[in-house]
Amino acid sequence: MLRVIGKRIALLIPTLFGLSVLLFLWVRSLPGGPATALLGEKATPEAIARVNELYGFDRPLLVQYFTYMGKLLRGDFGVSINTGRPVLEEFATRFPATVELTIVALIFAIGVGVPLGYAAARHYGRFVDHSSVVLSLIGITVPVFFLAFILKYLFAIQWSILPPDGRQNPRIDATHFTDFYVLDGILTGEWDAAWDAVLHLILPGLALGTIPLAIIVRITRASVLEVQNADYVRTARAKGLMERTIRGSFILRNAMLPVVTTIGLQLGLLISGAVLTETVFAFNGIGRFLRDAIFGLDYPVLQGFIIFIAILYALINLIVDLSYSVIDPRVRVQ
């Protein structure tokens with residue numbers, strides 16, 4: 001197990017190195033140079049020269065790259081042009097909101113997607129199967145922002161069941177020391193604040209989790225259909241094992257390998273792709289911050305975000321690989 005972890009971490013080094021080279025060259029290849037991209041096309045030569053000197057853009061390219069890599073290794077992702085604060089500090093402030101939203105979306109996607117996909121495979125060719133296929137197609141094809149607006153209009157504006165936006169009611173005087181609002185409310189005993197934070201997560205969580213839900217349903221259905229016709233399943237039935245044991249230990253467990261891979265990929269996409277959902281619901285997470293960085297040409301933030309997501313994806317893939325050995329003992333033998 002430790003050898004597997006060591007190999008995955010070793011593979012992370014060349015991946016991040018190649019990504020850092022691409023990011024470095026991307027910023028330096030912007031039209032007019034990075035200083036012009038930061039200041040705009042109407043910037044004066046004097047202003048461009050000052051920016052080049054300030055950020056070291058006038059130095060040799062190799063010196064610039066080693067300086068850039070040295071800062072990354074020290075955890076210095078640069079300073080946001082829009083806010084003037086360190087990029088890592090901005091991420092640390094907004095990351096808990098995106099994590100909370102991702103957890104809710106993933107619970108919704110897994111909690112509904114896996115049972116629905118399994119039920120569709122068990123009742124192949126029947127009403128449940130056809131309904132799940134149609135619903136999964138709708139979930140994939142409907143744009144997230146459109147679904148978000150529909151949910152917001154119906155449940156927040158029309159019926160006033162759930163809050164329309166934000167992370168918490170501003171009239172609630174809550175204590176926040178981890179920036180995980182639900183967790184803070186539980187730890188401090190402020191149950192009204194925790195419950196209000198949960199209510200604010202429901203609509204964006206449902207909107208964000210719809211596409212992963214549809215994908216998990218289809219993958220689970222296909223995987224269960226393949227496994228339930230395998231030789232070892234027929235052998236288990238021939239030996240007279242209980243049907244509940246066959247479904248749980250033989251079919252569902254072996255069918256979970258591709259599902260776990262899909263969940264891992266969707267987890268990375270949820271964390272990095274919540275831009276539209278956070279924008280519609282005014283949710284102050286990384287996605288909304290990234291949108292502001294794109295429109296504000298905040299290149300340090302964009303560079304830091306890409307590196308951050310690359311590291312996150314690598315860690316998620318490591319966890320997925322380790323989970324294989326738990327689900328399938330044959331992986332541990334290999």
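I take a nonpolar core to be a set of buried Ala, Val, Leu, Ile, Met, Phe, Trp, Tyr and Cys residues joined through side-chain atoms within 4.5 Å. The model I am reading is predicted.

Entry on the cores. I looked up the largest nonpolar core and found that it has 48 residues, with Tyr68 and Phe91 making the most contacts inside it. Among the elements that give two or more residues to this core are helix 1 (2-28), helix 5 (87-122), helix 9 (191-227) and helix 14 (299-327), and helix 14 gives the most, with 12 residues. I then followed Phe91, leaving aside residues up to four places away in sequence, and noted that Phe91 touches Pro96, Ile286, Phe289, Val301, Gly304, Phe305 and Phe308. I also noted a second, separate core of 11 residues, which includes Tyr118, Ala121, Ile251 and Ala255.

Entry on helix packing. I checked helix 5 against helix 9 and found that their axes are 6 Å apart at an angle of about 35°, in a right-handed crossing. I sorted the residues of this contact into 22 nonpolar, six polar and two charged.

Entry on the annotation. In the unreviewed UniProt entry I found "transmembrane region" annotated for residues 9-27, 101-121, 133-155, 197-217, 255-281 and 301-320. I looked at two of these spans in the model: residues 133-155 are 91% helix and 0% strand, with end C-alpha atoms 26 Å apart, while residues 301-320 are 100% helix and 0% strand, with end C-alpha atoms 28 Å apart.

Definitions and conventions:
Residues numbered from 1 in each chain as written. Predicted model: local features only at pLDDT ≥ 70, side-chain atom pairs only at ≥ 80, totals over all residues. Heavy atoms only, no water. Buried < 20%, exposed > 50% of the residue type's maximum accessible area, 1.4 Å probe, protein only. Helix = DSSP H or I, 4+ residues; strand = E, 2+ residues; numbered from the N terminus. Contact = heavy atoms within 4.5 Å. Axes fitted to C-alpha atoms, helices over the stretch in contact; angles between N-to-C directions. Left-handed = near helix turned anticlockwise from the far one by under 90°. Nonpolar A, V, L, I, M, F, W, Y, C, P; charged D, E, K, R; others polar. UniProt positions renumbered as here; feature names shortened; annotations may be inferred.
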